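Work through the exercises below with the coordinates open. Each task is followed by a solution in steps.

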Amino acid sequence: MSETHAHSAAYVRREMLPQEAPPALETGAVKWLRENLFSSWLNGILTVVSLAFIWLVLSSILPWVVQGIWNAESLSECREIRDQLYGEGHEVACWAVLGDRWRQLLFGFYPPEHYWRVVLALVVFLAAIAPVLFESLPRKMLILTPLAPFIIFFLLWGGTIWGPLAVLLGFVIGWAIFTYGSPVVGNLGGTVLAILVPILYWLFIAGPIASGLGAILPIGLEFVASDEFGGFMLSFVIGIAGIVLSLPIGIFLALGRQSDLFIINKFSVIFIEVIRGVPLIVWLFTASLLLNYFLPPGTNFDLMLRVIIMVTLFSSAYIAEVIRGGLAALPRGQYEGADSLGLDYWQSMRLIILPQALKISIPGIVSTFIGLFKDTTLVVFIGLLDPIGFSNAIRASTEWNGIYWELFIFIGLCFFVCCFGMSRYSQYLERKLRTDHR
Amino acid sequence: MSDLHTDTVDREIDRSQMKVSDEIAIEIVGMNKWYGTFHVLRDINLTVNRGERIVICGPSGSGKSTLIRCINALEEHQKGSITVDGTLLSNDLKNIDKIRSEVGMCFQHFNLFPHLTILENCTLAPIWVRKTPKREAEETAMYFLEKVKIPDQANKYPGQLSGGQQQRVAIARSLCMRPRIMLFDEPTSALDPEMIKEVLDTMIQLAEEGMTMLCVTHEMGFARQVANRVIFMADGQIVEQNEPEEFFTNPQSDRTKQFLSQILGH
């Protein structure tokens, strides 16, 4: 160090400064207003104009909504009541259509005496999904989760109880083979057998067992065919089945697309690109019309099942791409860290890579789910009666001919509640999983 | 940073456990590696005995990191053989996982798992690879966290720790697998000067306990104090290796002299 510098730099702080409170600016509402609404002349003017616009919109819509008529048998009756109450020409909503037709909008043609089955299925679904969504709930509730699909299937479609049980047995067989067979024949052999044997069982044994037992002990509920499903119930069944099934398929496709194994890699790429490159409505038409030509004559492959498969495949391609984005966002070091500890591929994926990749992908995954749920309304084009389909049917009836807004607002509101719920949950999940403290 | 003449730690280093045995820990014979057409490692021959503490240095791009990453198969080599603890490294995944679980590794950027707590970072591999019961794995983890002097951070997440603390956790995480060999890939290069010392101190402690160590580092003070052999690499080849005293005071090749003058010259 040079001498001159040493002289000029001779400064020593004798005492350290204590922390002080920030200067007392105006606080509270006045400050907030000034900062957020009236920070400059231009902003002040914009605020006033915006408020005027909001007032204009609300003042024309709110009376229409609030003064709406709830008790009427038909649109013409609605209009009469309106003319009496508010005078002619004053437009008000006619909510009476919802009171009159809510059963159809929610349940379609499902037999009214069996509505309790649908409601119970919804309760079972909520109880099964709750412990998955919220970690604070007791872990014992998870017992219900793997059984829920079978219970819900049984409740909705009915038939003898032996059908779902026979299908369930296949999963138990697969699990047993994997757990007890793997030590004997090795991991790979165990996995292959655990997949192959249940498939053979389902194809050739499950059917006869179910019908045989059904003939001997006909325990069950009255059978309801898929044609009778409709309204929001239909949207829910397709949407939820699609969401639940497409996530795991999407994860495997994303891993497949990253894989070094040539065949798996190319299969995933082609699958994703083909499915994603064609509009959903085309796939739905394929499901409803074309598949019949390819299937052997006489096979009665449920239309709803075909739609669920198509919707699932369609959204799993999107999910795969969203997750691939998450996988790509992870630094290479995470893979190397996992590798260097001796974790094998599946362990490192399950414990290290996927938890982080999925966390990054939550917003994308949830918005794909929201998209899927709303896209279930497209099934109206292949003749399934979802809420939109029923709104057309209701409008076609003599009583409610000419009614538009009320039905669409109701349908929109129902979808909004579900989608907004999903969106809020994803934000909650992101907050909960934020551990990187960036 | 790489001052040869200041000691890394102030205390006297205990050399009673630092014994090099005749048993061979790692044997690399005629190993070559290419990145595409670029010949990154050329004819590497290296035998490491148990208890050796080897520092590998050299200019950047000389292949020193690649060399130690080949030892636990993070990088594939195309020619020659690597034998770790008597197991020949092959393409068999079981074989690779076995070697990886016996060889600990610390990275420049720590590579801790940010979604797991410090304790979970340390117990993960013992539980899933070694099938250790959770209780036992946690006890082991706490033992090693105490050893690297951060037991009180066990329930925090990596993001809440300083760089030096994270690197010490990374060392503890490797130690929880009870490795017989430790690889260090520039463990202090991403750290502030204040934190380098605490990490080096932990590494010296390991050396004192007789761990077989291969360190890629530019900490020449550490090399002089702890290593029993210094390897100088350039252009993918081992150019010179010697005992630290000889290596620093009497380098043989021009390439080594040039390198040493560059990093120690001022």
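**Exercise 1.** How are helix 5 of chain A and helix 17 of chain A oriented to each other?

*Basis.* The model is predicted: local features need pLDDT of at least 70, side-chain atom pairs count only at pLDDT 80 or more, and totals for chains, interfaces and linings use all residues. Residues are numbered from 1 along each chain as its sequence is written, chains are lettered from A and ligands numbered from 1 in the order in which they are written, and side-chain values use heavy atoms, with hydrogens and water left out.

*Solution.*
1. Helices (H or I, at least four residues) and strands (E, at least two) are DSSP runs, numbered from the N terminus. Axes are lines fitted to C-alpha atoms, for helices over the stretch in contact, and angles run from 0 to 180 degrees between N-to-C directions.
2. The axes of helix 5 of chain A and helix 17 (residues 405-432) of chain A cross at roughly 50° and come within 11 Å.
3. Angles under 35 degrees count as roughly parallel, over 145 as roughly antiparallel, 65 to 115 as roughly perpendicular and the rest as oblique. Helix 5 of chain A and helix 17 of chain A are therefore oblique to each other.
4. On the side of helix 5 of chain A, the contact (heavy atoms within 4.5 Å) is made by Val97(A), Leu98(A) and Leu105(A). Helix 17 of chain A contributes Glu406(A), Leu407(A), Phe410(A) and Ile411(A).

**Exercise 2.** Describe the packing of helix 5 of chain A on helix 16 of chain A.

*Solution.*
1. Helix 5 (residues 96-107) of chain A and helix 16 (residues 387-396) of chain A have axes 10 Å apart, at an angle of about 130°.
2. That angle makes helix 5 of chain A oblique to helix 16 of chain A.
3. Val97(A), Arg101(A), Gln104(A) and Leu105(A) of helix 5 of chain A meet Pro387(A), Phe390(A) and Ile394(A) of helix 16 of chain A.

**Exercise 3.** Which residues join helix 5 of chain A to helix 10 of chain A?

*Solution.*
1. Helix 5 of chain A packs with helix 10 (residues 231-258) of chain A at about 20°, the axes being 2 Å apart.
2. That makes helix 5 of chain A roughly parallel to helix 10 of chain A.
3. Gln104(A), Leu105(A), Leu106(A) and Phe107(A) of helix 5 of chain A touch Gly231(A), Phe232(A) and Met233(A) of helix 10 of chain A.

**Exercise 4.** Characterise the interface of chain A with chain B.

*Solution.*
1. About 2,000 Å² is buried between chain A and chain B, with 61% from carbon and sulfur atoms. Buried area is the accessible area (1.4 Å probe) that two parts lose on being put together, summed over both.
2. Glu336(A), Ser340(A) and Leu341(A) supply 29% of the area that chain A buries against chain B, more than any other three residues.
3. The contact takes 20 residues from chain A and 25 residues from chain B.
4. Between chain A and chain B the count is 1 salt bridge, a side-chain nitrogen of Lys or Arg within 4 Å of a carboxyl oxygen of Asp or Glu. Arg69(B) forms a salt bridge with Glu336(A), with the closest N and O atoms 2.6 Å apart.
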